[in-house]
Amino acid sequence: MDLFLMNTIQDKVLKLFREEIPGYLDKHWKEIPLELDSDLFDSPSDDLSDAIEEYQKEFGIDLSNVDWSCYFPWENTPLLTRWFKVKREDVEKNRKILTVKMFAESAKAGKWLYD
């Protein structure tokens with residue numbers, strides 16, 4: 001029964017993210033939808049923000065204490081530092097991967113499991 005519950009939650013989370021975030025186009029211009037292991041790093045920020053907001057509502061997971069700078073370090077680096085002191089590649093080389101599966105596993109657990 002637990003496996004069934006897990007798959008149901010994973011399916012719901014994946015469906016939610018697919019509704020909010022478009023897939024990407026392959027070299028033949030065919031849309032490839034998000035999968036559980038898809039890295040959300042290159043997702044449009046507005047779409048990702050909407051997906052996270054909807055996720056919190058749907059699954060009751062509090063993400064207010066998530067350290068987003070682990071996953072999006074460049075966006076969380078002070079503007080003057082970005083302009084004058086560091087290169088984007090250097091800042092992002094140690095970023096953590098953020099996947100749909102992380103959200104699904106957290107939904108199953110009832111809390112954010114990462115950081």
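Let me begin at the end of the chain: Asp115 is partly exposed, with a relative accessible area of 48%. Asp115 lies in the segment after α5. The phi angle of Asp115 is near 105°, a positive value in a residue other than glycine. I mention this because most residues other than glycine have a negative phi. Please bear in mind throughout that this is a predicted model.

A second residue belongs under this heading. Trp29 has a phi near 65°, again a positive value in a residue other than glycine. Trp29 is located in the loop between β1, residues 24-25, and β2. Is Trp29 buried or exposed? With a relative accessibility of 71%, Trp29 counts as exposed, because the cut-off for that class is over 50%.

The protein contains five helices and two strands. Read from the N terminus, the order of elements is α-β-β-α-α-α-α. The protein has 115 residues, and buried residues make up 32% of them. As for contacts between residues at least 6 apart in sequence, 61% join residues at least 24 apart.

I turn next to the nonpolar interior. In soluble globular proteins, nonpolar side chains tend to be buried together. In this model the largest nonpolar core has 27 residues. Which residues have the most contacts inside this core? They are Val13, Phe17, Leu40, Tyr55 and Phe103.

Leaving aside residues up to four places away in sequence, Phe103 touches Val13, Phe17, Leu40, Ile52, Tyr55, Leu63, Trp68, Leu98 and Trp112.

Side chains of opposite charge can pair when their charged atoms come close. How many salt bridges does a search of the whole structure find? The search finds three.

The pair I take up now is Lys15 and Glu19, whose closest N and O atoms are 2.7 Å apart. Both residues belong to helix α1, which covers residues 2-20, and because they are four residues apart there, about one helical turn separates them. Lys15 is exposed, and Glu19 is exposed as well.

Another salt bridge joins Glu35 to Arg18, with the closest N and O atoms 3.0 Å apart. Glu35 lies in the loop between β2, residues 31-32, and α2, residues 45-59, whereas Arg18 is in helix α1, so this pair ties together parts that are 17 residues apart in sequence. Glu35 counts as partly exposed at 42% relative accessibility. Arg18, at 36% relative accessibility, also counts as partly exposed.

The remaining pair I shall describe is Lys57 and Glu53, whose side chains meet in a salt bridge at 3.6 Å, N to O. These two residues both lie in helix α2, four residues apart, about one turn of the helix. Lys57 counts as exposed, at 57% relative accessibility. Glu53 counts as partly exposed, at 43% relative accessibility. Glu53 and Leu63 are 10 residues apart in sequence, and their C-alpha atoms are 9.2 Å apart in space.

Finally, I come to a pocket. The second largest pocket holds about 160 Å³ of space. Which residues line the second largest pocket? The lining consists of Ile21, Pro22, Gly23, Tyr24, Leu34, Ser38, Asp39, Asp42, Ser43 and Pro44. By class, this lining has five nonpolar, three polar and two charged residues.

One of these lining residues is Ser43. Ser43 is placed in the loop between β2 and α2. Why does Ser43 count as buried? Its relative accessibility is 13%, and Ser43 therefore falls in the buried class, which means under 20%. Not counting residues up to four places away in sequence, Ser43 touches Ile21 and Leu48. Of those two partners, Ile21 is also part of the pocket lining.

To close, I return to the loop between β2 and α2. That loop holds Ser43, and it also holds Glu35, the partner of Arg18 in helix α1. I welcome your questions.

Terms used:
Residues numbered from 1 in each chain as written. Predicted model: local features only at pLDDT ≥ 70, side-chain atom pairs only at ≥ 80, totals over all residues. Heavy atoms only, no water. Salt bridge = Lys/Arg side-chain N within 4 Å of Asp/Glu carboxyl O. Buried < 20%, exposed > 50% of the residue type's maximum accessible area, 1.4 Å probe, protein only. 1 Å grid on protein atoms, 1.4 Å probe; cavity = no way out; pocket = protein on both sides within 12 Å on 5 of 7 lines; lining within 4 Å. Points joined across faces, edges and corners; volume = space filled by probe spheres on them. Nonpolar A, V, L, I, M, F, W, Y, C, P; charged D, E, K, R; others polar. Contact = heavy atoms within 4.5 Å. Core = buried A, V, L, I, M, F, W, Y, C linked by side-chain atoms within 4.5 Å.
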